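Visitor: Please show me how the features of this model are to be read, one at a time.

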Amino acid sequence: MTTVTLPFPISVNAMYSNGRSGRFKSQRYDDWLMEAGYSINVQKPVKVKGPVILSCLIQDQRDGRKRDITNLIKGPEDLLVSHGIIEADDSSIVREVKMKWSKDVQGIQITISPAEV
């Protein structure tokens, strides 16, 4: 089991933009990836092999806006994969995701636990 704390995630609705040549990562998402990637490198989390359960605490009432909690997991999942913390974010690896608003964290705190297959 390992836990990482990342900056408040970008909504999936703001991760990509459309342009003349197709879809591309938005500047906000690129900035978040840079900051969150640095955060992972500083924390040096243990890699978890095989199927996992992601338990997420997300900062509540950060700015008073109403948000859809499930729109906030895609960026952090992709980041965990790109840094090798989990092997993939498909159904063979991520077997369960728990998400909860919390006033006790800043950003998003993700605990990664091995899942029983």
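Visitor: Is Lys74 partly exposed or buried, and what is its relative accessible area?

Guide: Relative accessible area sorts residues into buried (under 20%), partly exposed (in between) and exposed (over 50%), with a 1.4 Å probe and protein chains only. Lys74, at 34%, is partly exposed. The model is a predicted one, in which local features need pLDDT of at least 70 and side-chain atom pairs count only at pLDDT 80 or more, while totals for chains, interfaces and linings use all residues. Residues are numbered from 1 along each chain as its sequence is written, and side-chain values use heavy atoms, leaving out hydrogens and water.

Visitor: With which residue does the side chain of Lys74 meet in a salt bridge?

Guide: A salt bridge requires a side-chain nitrogen of Lys or Arg within 4 Å of a carboxyl oxygen of Asp or Glu. Lys74 meets Asp89 in this way, at 3.1 Å from N to O. Because Lys74 belongs to helix H2 and Asp89 to the loop between H2 and S5, the contact ties together parts 15 residues apart in sequence. Helices (H or I, at least four residues) and strands (E, at least two) are DSSP runs, numbered from the N terminus. Asp89 is partly exposed, at 25%. Through shared partners, salt bridges join Lys74, Asp78 and Asp89 into one network.

Visitor: How many salt bridges does a search of the whole structure find?

Guide: The search finds 4. Among them is the pair Asp60 and Lys103, whose closest N and O atoms are 3.4 Å apart. This pair links distant parts of the chain, 43 residues apart: Asp60 is in the loop between S4 and H2, and Lys103 in the loop between S5 and strand S6 (108-114). Asp60 is partly exposed at 23%, whereas Lys103 is exposed at 64%.

Visitor: How many bridges join strand S4 to strand S5?

Guide: Strands pair if DSSP finds at least two bridges between them. S4 (residues 52-59) and S5 (residues 94-102) run parallel and are joined by 8 bridges. Gln59 stands opposite Ser102 in S5.

Visitor: Which aromatic pair is stacked?

Guide: Rings of Phe, Tyr and Trp (its six-membered ring) pair if their centres lie within 6.5 Å; planes under 30 degrees apart count as stacked, over 60 as edge-to-face and the rest as tilted. The rule gives 2 aromatic pairs. Tyr29 and Trp32 are stacked, with 6.4 Å between centres and 15° between planes. About one helical turn separates Tyr29 from Trp32, because they are 3 residues apart in helix H1 (residues 27-43). Both Tyr29 and Trp32 are buried. Ring pairs link Tyr16, Tyr29 and Trp32 into a cluster.
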